[in-house]
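Welcome! Here is a guided walk through one protein model, written for someone meeting it for the first time. Take a look at the sequence and the fold, then read on.

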Amino acid sequence: MAILLNAESMFELPLSNPVLIFSLVLFIILFVPLLLNRIKVPYVIGLILAGVAVGEHGANLLRRDSSIVLFGTVGLIYIMFLAALEIDMKEFKKNSSKSLIFGVFTFAVPMLIAAPAARFLLGFSWISSILFASMLASHTLISYPVAARFNVHKTKAAIIAVGGTIITDILSLLVLAVIAKMSQGEINQAFWIQLIVSVIVFALIVWFVFPIIARWFFKHFDDSIAQYTFVLAMVFLGSFLAELAGIEPIIGAFLSGLALNRLIPHHSPLMNRIDFVGNALFIPFFLIGVGMLVDIQVLFKSAESLKVAGIMTVAALVSKWLAALLTQKSFKMNGDERTLIFGLSAARAAATLATVLVGYNIIIGQNELGEPIRLLNEDVLNGCLIMILITCTIASIETSRAAVKIAKKLNEGANKAAGQGTRNILIAASKEDTIDPMIELALLMQPRKHEQNIFVLSVISSETVDRESEERRLRKYQDRMVTTAAATDVIVSPLIRYDVSYASGIQHTLEEKRIHEVIIGQQKGEKDPGSVTGLKSQKLLARCPQIVYLIHGMQPLNTIGKITVVCSDRVELEASFPMLIERISTIGKQLNCDVHYYSSEGTLASIQAYNQANKGPGAKFTLFDDWSDFLILSRDVRTEDLFVVICARPGNISYHDALAEVPRHLAKYFNEYNYLLMYPDLQADFSIQTGQTERTGEILQKGINQISKTGDKLIRNILKPGN
């Protein structure tokens, strides 16, 4: 009997059993997007409508209790954090002035439209009208996950919209703070000084101190769970500091994301975990919570509420569309970009709710019946909830519509590039301390996911005594690399090969798998000046014609602060020159690092032209052509930088004798640094099928080198008449 009574109490509405509540929410998160995808409805709308259906104003299955509020708050902060984290910082800086202008437009236009509408159509006082207008000026990036799903969240239009969101929300919440203080008669000079100083201190802490702490943490702790928990803790610390400073926590989350942006590469396991947890759990909780606020019955309770809701909705949508139109005309954007900006900025939720609740709770007097007169009345509160539902729905639809068209254009270019052939990369794994740098490099070199095949090869030579033990050791290394790559949704194919030698095993695999690029690792702490490339690597360089990368990593690559690149003279004449520069540019974009090139005048001009033609990241160029003075570069390279040398092998057009000394210099003077040696491929008439190991250009180069060694005197003797 007790069991039956207990079972009945479990199903009393609203549900109170935490397990049942969580299960119901998870099933909503699972099935609603699956069902709506069939009818081409954005899942954001579905989750909000699901919240309406199961909330207290619907079927009353769930109460909007502290747990829903908690997860919803986390979800909103997560949206702002992800938006900042996924921004291309170089593009963001490039478009920062445009974001500022859009932020002013999307704040000023609603203020100019909504304030007079509230004053003359609804009969509000001017102070209530200004607060009413500020409520419509703010917006929430409800539809940002839609843009992210179509991979258009890094376009110029999306970056401008995200940046403008911060501007308009700051201004709107500043209006709220000022009017709240004015209604209490507490506005004075001390208020402004305290607000300005606290905001400046908050911004300085997040922008300068957070990256220092994060870089130290990532250097010393490589546990994936610890790194994710650390990032989450920093984001919420930033949000809390924002509240202490007197601004909304979403501003703190966004600034924290910008501060940590360069330390979390877009194609990294950590970024994948952050993105996965947010989109799978926290953000859907927030959307469901927004829906639970909406009371459809309000439409039938009061004609005044319906009137207010209509005016609010029309003013909100028209003003944001005009702001998007002004932005389009100002920066000569196309219609799809305008629609995307409008879709991202049309939805109202968090900041709007904060404003209306504060205004509703401010009592400025009493009427003849002794009832409180509120700064924003109950009709505005009810109308606001209806407006939230309508604007979120329209914003999601418009964002989806624009994102589809923009993504189609982007994919046309991507498909054209993909049609040139998928790159096959081979990682030669043999030593434990080279595993992490090699797989990190392979993942960072990807311009987009799934554009290259990655193989991990370990060779067991015929001289190995205990082959089973050696295979177990190598399998363990390979499993580690496969797991790391899988966390970024990249598939790595592990290979074990028995062969007569290390170099021979790799050479045969290059032929079988049609490999284009090879990554090998240099052990940490190797101080022998003659062995920076190692005997195995030297043989590999001599026997394989592919592009070869040799990575020496002393710290995680995501903590790199700058990339310094030294290029051999005439490297622009190499067939693989575009690929090498593209790889460097991609790494720079992933790490949000500045790139500084050193080379001869002609080579620097070619690199600069390539970057401009392919919209590469901004770079700095310095003339350097004296390779005998190679060590002078140590003055410009720091231990937290990545030092890249585009070298060459005998037979390369860009090869010269001084390059033979580069590995020795790196081993002796740069042993504590992160460096990467890049070797262009050997093209021309190299024949894999015949096993030929020297090509005509290599033979000619050797001949030229030999002639140079005989000296001018011998040449003159040969050319004397009679000899």
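Predicted model: local features only at pLDDT ≥ 70, side-chain atom pairs only at ≥ 80, totals over all residues.

Helices (H or I, at least four residues) and strands (E, at least two) are DSSP runs, numbered from the N terminus. Residues are numbered from 1 along each chain as its sequence is written, and side-chain values use heavy atoms, with hydrogens and water left out.

**The protein as a whole**

The secondary structure comes to 26 helices and 12 strands. Of the 723 residues, 53% count as buried; buried means under 20% relative accessible area, exposed over 50%, and partly exposed in between (1.4 Å probe, protein chains only). Contact, here and below, means heavy atoms within 4.5 Å. Among contacts between residues at least 6 apart in sequence, 80% join residues at least 24 apart.

Is Gly 561 buried or exposed? Gly 561 counts as buried because its relative accessibility is 12%. Not counting residues up to four places away in sequence, Gly 561 touches Arg 215, Arg 262, Cys 593, Asp 594, Arg 638, Glu 640 and Asp 641. Gly 561 and Leu 591 are 30 residues apart in sequence, and their C-alpha atoms are 8.2 Å apart in space.

**The sheet**

Strands of a sheet pair through backbone hydrogen bonds, either parallel or antiparallel. For this model, two strands pair if DSSP finds at least two bridges between them. An open sheet of 10 strands has mixed pairing and the order E5-E4-E3-E6-E7-E12-E11-E8-E9-E10. Its edge strands, each pairing on one side only, are E5 (492-499) and E10 (619-623). From one strand to the next, the twist averages 20°. Angles run from 0 to 180 degrees between N-to-C directions, and axes are lines fitted to C-alpha atoms, for helices over the stretch in contact.

| Strand pair | Sense | Bridges | Opposite residues |
|---|---|---|---|
| E3 and E4 | parallel | 6 bridges | Ile 425 and Ile 454 |
| E4 and E5 | parallel | 8 bridges | Leu 457 and Leu 495 |
| E6 and E7 | parallel | 5 bridges | Ile 520 and Leu 550 |
| E7 and E12 | antiparallel | 5 bridges | Ile 551 and Leu 676 |

Ile 454 also stands opposite Val 492 in E5. Strand E4 (residues 452-461) is mostly covered, with 9 of its 10 residues buried.

In a regular strand the side chains alternate between the two faces of the sheet. How do the residues of E7 point? Ile 547, Tyr 549 and Ile 551 face one way, while Val 548, Leu 550 and His 552 face the other, and all are buried.

**Helices against the sheet**

Helix H21 (residues 502-513) lies across E3, E4, E5 and E6, running at about 130° to E5. Helix H23 (residues 577-591) lies across E3, E4, E6, E7, E8, E9, E11 and E12, and runs at about 150° to E9.

**Helices against helices**

Two packed helices are described by the angle between their axes and the distance between the axes. Helix H3 (residues 43-54) and helix H13 (residues 269-293) have axes that come within 6 Å and cross at roughly 50°. That makes H3 oblique to H13, since angles under 35 degrees count as roughly parallel, over 145 as roughly antiparallel, 65 to 115 as roughly perpendicular and the rest as oblique. Residues of H3 including Leu 47, Ile 48 and Gly 51 meet residues of H13, among them Leu 287, Ile 288 and Gly 291. The residues of this contact between H3 and H13 divide into 9 nonpolar, 3 polar and no charged. In these counts, Ala, Val, Leu, Ile, Met, Phe, Trp, Tyr, Cys and Pro are nonpolar, Asp, Glu, Lys and Arg are charged, and the others, Gly among them, are polar.

Helix H4 (residues 66-85) also packs with H13, at an angle of about 130° and with the axes 7 Å apart. H4 and H13 are therefore oblique to each other. The residues of the contact of H4 with H13 divide into 18 nonpolar, 5 polar and 1 charged.
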